[in-house]
Amino acid sequence: MPTCELLKTCLFFNDKLEKMPGPAELFKDLYCRRDNSICARYLIAKELGREVIPRDLFPNHVEMAKEILENRRSTKK
Ligand code: SF4
């Protein structure tokens, strides 16, 4: 997977989160430049739209992302 298509405007990638995680640069390499399919922010953006991404969600907060997606799906039923 090439670099993430959301990279230019992503708050995480552009260091716009209120608190950036310690390994931010490592995360950028792992998620943003190599495999966005495992990024919590990307998962939400892909299914619900970028405006739904919690501002301070880190790429590794996949469990939280799955919870948000599940909640959205169940409220749509
Ligand atoms: S944090 Fe996730 S959504 Fe943002 S640029 Fe990186 S891979 Fe893409």
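## The largest pocket

The largest pocket here comes in at about 200 Å³, volume being the space filled by probe spheres set on the grid points, joined across faces, edges and corners. A pocket is an open set of points on a 1 Å grid over the protein atoms alone where a 1.4 Å probe fits, with protein on both sides within 12 Å along at least five of seven lines; lining residues have an atom within 4 Å of a point. This is a predicted model, with local features needing pLDDT of at least 70 and side-chain atom pairs pLDDT 80 or more, while totals for chains, interfaces and linings use all residues. Residues are numbered from 1 along each chain, and side-chain values use heavy atoms, without hydrogens or water.

There are 18 lining residues, and Leu 6, Cys 10, Leu 11, Arg 41 and Ile 53 sit closest to the pocket's centre. Helices α1 (24-32) and α2 each give two or more residues to the lining. By type, the lining splits into 13 nonpolar, two polar and three charged.

## α2 against α3

Helix α2 (residues 40-48) and helix α3 (residues 62-76) have axes that come within 8 Å and cross at roughly 20°. That makes the pair roughly parallel, a label for angles under 35 degrees. On the α2 side, the contact (heavy atoms within 4.5 Å) uses Ala 40, Leu 43, Ile 44, Glu 47 and Leu 48. From α3 come Val 62, Ala 65, Ile 68, Leu 69, Arg 72 and Arg 73. That's eight nonpolar residues, no polar ones and three charged.

## Lys 16

Lys 16 is in the segment before α1. Beyond its neighbours within four places in sequence, Lys 16 touches Leu 11 and Arg 55.

How values were computed: Axes fitted to C-alpha atoms, helices over the stretch in contact; angles between N-to-C directions. Helix = DSSP H or I, 4+ residues; strand = E, 2+ residues; numbered from the N terminus. Parallel < 35°, antiparallel > 145°, perpendicular 65-115°, else oblique. Nonpolar A, V, L, I, M, F, W, Y, C, P; charged D, E, K, R; others polar.
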